[in-house]
Amino acid sequence: MAGGNERSMRALKEVWKRPENSLCADCGKPDPDWASSTLGVFICLSCSGIHRNIPSISKVKSLKMDHWDDAQVQFLAKNGNAVTKATYEAHIPIYYYQPTYNDCQVLREQWIRAKYERKEFTEPGKQLPYSDGVKEGILWKRGRDSGQFLPRKFLLSEREGCLKYFTKQDAKEPKINVKIDVINATFQPEKIGNPNGLQITYLKDNKTRNIFVYHESGKEVVDWFNAIRSVQFHYLKVAFPIASDNEIKTRLTRNFLKEGYMEKTGPKQREAFKKRWFTLDHRRLMYFKDPLDAFAKGEVFVGSRENGYSVQKGLPSGTQGNFSWNYGITIATPDREYLFTCETETDQLEWIKAFTGVINQAMTPQEYASKCLDAVSL
C-alpha cells in the first residue's frame, strides 16, 4: 500500500477486516492479502496467481504493497467476498467439488475459471459439461504392466450406472465395466507425474484396483471428475431416497487420508522391515511396492477403538526384525499387532494422527460387513 493516501489506507483496512473477507474467496485460506480490483474479492497469494492468468476477467493487487485509489477501495467496499459469491456461486450443483487451499493447482484453477470466466454457476438450471449423465472421451491411461500411458476411450453412463474403458476406439466390449457406487477418484499430480493426473480406484472382489489417467486439458479432466461425482450423486439419490442431499454428498469421491512410504515387517515380526508405499483410504490401509501399482500387495482393515483397535507410538520392546528407520508405529487389532517404521518423526506423528482419526470414529454397519470380507493381511 506504499504511496497510498492515509484516508484510502484506513478505508481499505476497514473493508479488509470485515469477517466475510477473512478467508480467501476461492480456496478458503485464512488471512488473504490480495484482492481483485475488477471482481471485488479478497484472495490469497496462490489464487491471485491464477487470477493473473485471466487478465480479461480479473486484475489483482496486493493489499499490503500496492496503491489502491479511492474508486477501487469503494468498489471493494461495495462488493467483497459475500456479495461476489452471491453472484458467482449462486447455483453450484450439490455434487460439484469445491476445492480448498490443500487441493492441487488444476482443481483450484478450474474452479476459479468456472466461476468467473465461464460463469457456470450464475444461472439456475444451466447445462453444464458434467451434468448430462453421460460422458465419453479419450483419457491417457497408464498400462498396468508396461507403465506406458496410452490413449483409451472412456464412457461414463448414469443410465447404466457404470464407468467403462475400451482399449480401442472401435472396440465393442469394454476392458472394464465398473459400477459407479464402488468408484473413487482423486487427483494425484505428483504421484502420476502430470499436473492433470487423476487416480481412479474401484473395488474388485473387495480389493482395490487403481487406474491412473490424465488429459492434456485441465478443464477436461476436472469435468470428468465432476461428471463421476454427478453420476454417483444421482445413483445414490435413487438408492437412498430418504437421505438428505448433504448426507449423499459425503459419500461421493474422497481424498485419501494419508499416503507415503513406511517400512513394514511380516506377521511373525521377525522378518526384515521392507520399504513400501502406503495409502490410508478411510478404514483401508493398503501397501504397494510402487506408488503406481494397479493392485495393493496387501490391505488391513482399521476398525474403531470400541472394537479393540488402537495405535501407539514406537515398537514393542524386543522387536526382532531389522529396520533402517527409527520412528516406529504399532497398530493393535483384535487379532494381531502391525508394526511400521517411518523415516522422520514428522512422518510418524502425521501417520499416528491419521490412524487415530479413523480409530476414534464409530464403525457403520457397512464397515462391519466390509471387515468380514477382508482377508488379506499385511
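Me: Which residues does N177 touch, leaving out those up to four places away in sequence?

Reply: They are C162, L163 and K164, and a contact here means heavy atoms within 4.5 Å. Before we go on, please keep in mind that this is a predicted model, in which local features need pLDDT of at least 70, side-chain atom pairs count only at pLDDT 80 or more, and totals for chains, interfaces and linings use all residues. Residues are numbered from 1 along each chain as its sequence is written, and side-chain values use heavy atoms, with hydrogens and water left out.

Me: Why is N177 called partly exposed?

Reply: The relative accessible area of N177 is 48%. Buried means under 20%, exposed means over 50% and partly exposed is in between (1.4 Å probe, protein chains only), so 48% falls into the middle class. N177 is part of strand β7, residues 176–179. From N177 to F166, eleven residues away in sequence, the C-alpha distance is 9.4 Å.

Me: What makes N210 buried?

Reply: Its relative accessibility is 4%, so N210 counts as buried. N210 sits in strand β10, which runs over residues 207–214; helices (H or I, at least four residues) and strands (E, at least two) are DSSP runs, numbered from the N terminus.

Me: How do you know that the side chains of N210 and Q199 make a polar contact?

Reply: The distance given for this pair is 3.1 Å. A polar contact is a pair of N or O atoms within 3.5 Å; within protein, one must be able to donate a hydrogen and the other to accept it, and residues adjacent in sequence count only if both atoms are side-chain atoms. The value of 3.1 Å is within that limit, so the label holds. Beyond four places in sequence, N210 is in contact with Q199, I200, T201, F288, D293 and A294.

Me: What joins the side chains of T279 and E259?

Reply: A polar contact of 2.6 Å joins them. T279 lies in strand β12, residues 274–281, and counts as buried because its relative accessibility is 3%. Apart from residues up to four places away, T279 touches F256, K258, E259, R284, L285, M286 and F288.

Me: Which residues of helix α2 are buried, and why are they said to line one face?

Reply: In α2, residues 45–52, the buried ones are C47, S48, I50 and H51. Seen down the axis of α2, these buried residues fall within an arc of 155°, so they line one face of the helix. The arc is that of the directions from the helix axis to the C-beta atoms. Among the elements covering them are β1 (34–36), β2 (42–43), β3 (60–62) and α5 (105–117).

Me: How many disulfides does the structure hold?

Reply: It holds zero. The nearest cysteine sulfur to that of C47 belongs to C44, at 3.8 Å, and C47 is in no disulfide. C47 itself is buried, given its 1% relative accessibility.

Me: What makes V73 buried?

Reply: The relative accessibility of V73 is 5%, so V73 counts as buried. V73 belongs to helix α3, residues 70–78. Setting aside neighbours within four places, V73 is in contact with S8, A11, L12 and W68.

Me: How much area do domain 2 and domain 3 bury between them?

Reply: They bury about 1300 Å², with 50% of it on carbon and sulfur atoms. That is the accessible area (1.4 Å probe) that the two parts lose on being put together, summed over both.

Me: And how many helices and strands does the protein chain have?

Reply: There are ten helices and 17 strands. Of the 378 residues, 51% count as buried.

Technical notes:
A disulfide is a pair of cysteine sulfur atoms within 2.5 Å.
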